[in-house]
Structures are given as C-alpha cells and as structure tokens.
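Biologist: Please show me how to read a structure like this, step by step.

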Amino acid sequence: MENKLEPVIGLEIHIQLNTETKLFCKCKNEYGATPNTHICPVCLGYPGALPVLNEEAVRLALKVALALHADIHKLSRFYRKNYFYPDLPKGYQITQYTESLATGGYIEIETSKGYKRIRLERMNIEEEAAKSIHTDTGEVLLDYNRSGIPLLEMVTLPDMNSPEEARTFLEKLRLILRYLEVSECDMEKGELRVDANISLRKPGEKLGVKVELKNLNSFKSVYDGLNHEIERQKKILQGGGTVIQETRLWDEYKKETRTMRVKEEAHDYRYFPEPDLPPLVVRDTEIEELKKTLPELPDEKLKRFVSQYNIGKDQARILSLNKNLADYFERAAQVAEDKRLLANWINVEILGYLNENNLGIQEFRIHAEELGEFLNYVSRGKLSYNMAKDIFKKTLYNEESLKHLLEEALSSTISSQELEKIINKVLEENQELVEKFRNGKTGVLGALIGKVMKETRGRADARKVKEILESKIGSPKT
Ligand SMILES: [Zn+2]
C-alpha cells in the first residue's frame with residue numbers, strides 16, 4: 001500500500017539567453033566582468049528611464065519555442081511583477097505572466113519504460129535581477145551587471161515521476177539549448193536554474209500536496225534534493241500525517257531540505273501590464289524565417305547517423321551528445337571508408353583521451369580529415385588496430401606527428417610473403433592444434449593467431465592473420 005505512493009514532479013526553469021546586450025537596454029550581457037560596470041539608468045531602475053525590447057532576445061526565445069514544438073502566440077504582453085528586494089532596483093520585475101510568448105510543447109525523453117513526452121506549460125521572456133553576494137562578514141554586495149539580462153522562463157507540466165526522469169529531462173533540454181546556441185546553460189554561472197515541484201500521489205487521488213524545492217544548483221542537486229524530499233514526504237504520509245504546502249530549500253552540504261516559506265507567506269505580486277512597453281507582436285514571416293535557421297536537433301541527428309552511416313544507436317547517441325563532436329565525426333566520415341570503425345575510434349580512443357585530459361573536441365590536435373585517412377590504413381588491412389592505437393597514443397602524448405609515425409610503421413609492416421612463411425611454419429609446428437580445430441574445437445584458433453603474432457613481433461594485422469589461417473586450415477568437421 002505505502003509503496004504505491006507515486007512521485008509527481010514538475011519543473012520551473014530559468015535560462016539566461018546569450019544575447020550581446022541586456023533585455024531592455026544596450027548594456028553588455030557579459031559574465032564575469034568587473035561588478036557594476038555594465039549598468040545604465042534603465043537597468044538601475046532610475047525613474048523615467050524607458051525600456052526598449054531587445055529583439056535578439058525574442059528571436060532566441062522563439063527558436064526555443066519552435067524547437068520544442070510550442071504554440072507561439074502572435075501577441076503577448078509584458079507585466080510588472082511588484083516586490084521589494086535590493087536586487088530589484090525598480091521595485092518590480094518585467095515579465096510576461098499570463099499572456100505568454102508560447103504555450104504547450106514538449107521534450108521527449110528516454111526512460112527505463114520507453115519514450116515519454118514531458119509537456120511544457122508555457123514559455124515567458126523576463127528580466128534577470130541583480131546578483132547578491134553574501135560575504136563572510138554578513139554584508140550583502142550587489143552586482144547590477146546581471147540586472148536586466150534576458151531570461152527565458154519555462155514551466156513544465158507535472159509529467160515526471162522520478163528524480164531520474166527530472167534529470168534526464170534537464171540533460172535533454174540543456175543539449176537542445178546548446179544545439180540552438182541560445183545558452184551555454186552553465187549552472188555554475190547561473191545560466192540555467194531549476195526549481196522543482198514535488199508531491200506524492202496516493203492511489204486513486206488526483207494530486208498530493210505540492211512542495212516547491214529551491215536552491216537546486218546542479219543536476220546532481222536536483223536529483224538528490226528530489227530523492228530526499230520524496231523520502232521526507234513518504235515518512236510523513238506513512239505516519240498518518242499531512243504534508244504542508246510550502247517552499248523548501250535544498251541544503252547540499254547537510255543533505256536535507258528545510259522550510260523557506262509556507263503558503264500563507266506567499267507574495268501578492270500585484271501584476272499589471274507594463275505601460276512602457278507595447279504588446280509583443282510576432283509575425284508569421286518572422287517565424288518562417290526563424291524556422292529556416294533552426295539547426296538539426298539531437299534526436300534527428302541521432303536517427304540520421306544510424307541510417308546514413310550504419311552505426312549503432314549507442315555510438316550515434318554519444319556522438320550526437322555534443323554538436324562539435326558530431327561535426328567532427330561527419331567531417332572525418334567524408335574521408336573514412338569504415339564508418340563503424342570511425343565511430344568506435346572516436347568514442348573509445350578520442351573521447352577517452354579528451355575526458356582524461358579534460359579537453360573539448362575543439363582543442364583536439366588531430367584534424368578530422370587526417371583521422372579519416374589514418375583509419376583507412378586500418379580498414380584496408382595495412383595497419384593493425386593495435387598498431388594504429390599505439391601510433392595514435394604516441395601522437396597524442398608525445399606530440400609526435402601522426403604522419404611521420406604512420407610512415408615509419410608502414411615501412412616496418414610485414415610483407416605478405418614473409419607473413420605466409422611464418423603462418424606455414426606455425427601450422428607445421430602445431431599440428432595437434434590444427435587437428436583440434438578440425439575436430440570442432442574452434443577456440444584454439446586464438447592460440448594459433450597469438451603464435452603468429454608473436455613470430456611477427458606484432459607487425460601483422462590480427463584480422464588478416466585470422467583470415468589466412470582459416471583459409472589454410474579449412475572448416476571444422478561436423
Ligand atoms: Zn543598462
């Protein structure tokens with residue numbers, strides 16, 4: 001009975017859009033600048049200063065709406081959300097409230113039970129507040145550089161039923177936003193922020209009491225915080241108590257949530273239409289133009305990689321998890337004859353190296369075309385996989401030239417006549433293994449290959465050796 005409590009999770013997400021300038025003024029939108037250097041009367045909230053909407057921010061938000069299949073509203077409106085706080089110099093935040101830029105839409109995620117659509121409720125454009133910095137001595141410093149940076153607010157329906165699903169959703173969202181180049185979504189820089197709603201549903205009940213969870217500063221925090229909150233609510237409900245509707249803060253050091261405010265303390269923001277901004281009108285032609293600029297998105301890319309290059313789905317998924325990596329693969333695939341070998345090589349040899357050295361593919365020294373050519377020596381049987389691996393490692397770690405090492409290796413590769421001679425010798429010396437093979441113990445082939453490789457001191461291609469051995473010994477008796 002108790003185990004039937006089902007978590008119901010919805011997310012509210014804020015994404016900083018990477019425009020050149022802020023949402024309502026010409027101040028630079030730049031992270032990490034000297035505090036209070038990108039400020040003006042508009043973003044400092046001086047009386048009489050007038051906001052002018054940044055069209056680039058609207059364009060980026062619309063791209064997201066299009067990519068997530070949302071309904072874009074031809075006419076939306078800005079509102080003033082009134083509250084007092086030092087990080088909000090005007091005394092109100094300009095946001096979109098009920099007349100949203102877009103509603104609906106979804107993101108499809110892969111769960112243990114198959115594909116699932118997480119529906120979106122709405123997308124709004126709004127402005128960022130200033131950044132408060134709390135010092136060790138109890139002072140609060142304010143950096144107004146952040147004041148007025150464009151945000152895209154996105155609210156999902158409560159379609160997620162586990163912390164895993166919430167994390168998967170966020171990973172997918174981040175990937176799409178990076179593909180669209182609307183935000184880097186670096187959570188440490190606050191470019192992506194997440195609040196979660198969580199309730200537990202009893203069988204037959206429509207919805208449980210909702211708790212809002214704040215201060216989730218990483219995907220791990222989202223996952224851990226939700227898990228913790230599920231356990232806390234479960235204990236209350238199983239003990240016969242009731243969950244209170246409230247906002248709780250996740251403390252990632254103490255691994256607990258604590259009350260921030262209960263429902264009675266909720267603000268009345270006295271929303272009203274922003275008189276200094278006209279309604280936001282989006283034209284059909286604008287939407288059509290934007291549609292043309294949308295890049296291929298991760299799901300489409302994955303499917304295309306599988307069909308066009310005939311590679312496995314898992315390989316294709318890893319390659320499409322990063323747009324730059326996917327581009328690298330495709331450039332190399334123009335040259336490489338064996339696409340599976342290429343995909344595998346990138347996933348194992350290159351990603352292994354990049355992860356180990358904390359590098360991105362943009363910083364990788366070997367050009368895609370060069371890699372393609374290099375791997376053709378392997379697919380044509382001129383270079384064994386292991387030799388290729390050695391050369392590759394030497395190139396990366398000793399900064400030697402791939403071309404030079406390759407030439408060196410090719411000149412020392414064994415000739416077919418010499419290989420033939422060695423194979424004949426090994427077969428002659430190991431008659432009993434040959435007999436075993438012919439009697440059906442095909443496993444001994446590995447031993448024979450090993451002996452040949454040893455004789456050639458690793459200069460031969462194991463695949464080629466296997467082929468020759470098999471043709472010489474013939475098929476096992478059945
Ligand atoms: Zn400004």
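Modeller: The centres of domain 1 and domain 3, taken over C-alpha atoms, are separated by 64 Å. This is a predicted model: local features need pLDDT of at least 70, side-chain atom pairs count only at pLDDT 80 or more, and totals for chains, interfaces and linings use all residues. Residues are numbered from 1 along each chain as its sequence is written.

Biologist: Into which domains is the chain divided?

Modeller: Domain bounds come from an automatic or database domain assignment. Here they give domain 1 (2–269), domain 2 (296–412) and domain 3 (416–473).

Biologist: Which residues of α12 are buried?

Modeller: A residue is buried if 20 or more other C-beta atoms lie within 10 Å of its own, exposed if 12 or fewer, and partly exposed in between, with C-beta atoms placed from the backbone. Helices are DSSP runs (H or I, at least four residues), numbered from the N terminus. In α12, L419, I422, I423 and V426 are buried. Seen down the helix axis, they fall within an arc of 100° (taken from the directions from the axis to the C-beta atoms), so they line one face of α12. The face turned away from that buried side carries the exposed residues Q417, N424 and E428.

Biologist: Which residues have the most contacts inside the largest nonpolar core?

Modeller: A nonpolar core is a set of buried Ala, Val, Leu, Ile, Met, Phe, Trp, Tyr and Cys residues joined through C-beta atoms within 7 Å. The largest has 60 residues, and A61, V64, A65, M123 and A196 have the most contacts inside it. Helix α1 (residues 55–67) gives the most to this core, with eight residues. Apart from it lies another core, of 27 residues, among them I311 and V378.

Definitions and conventions:
Helices (H or I, at least four residues) and strands (E, at least two) are DSSP runs, numbered from the N terminus.
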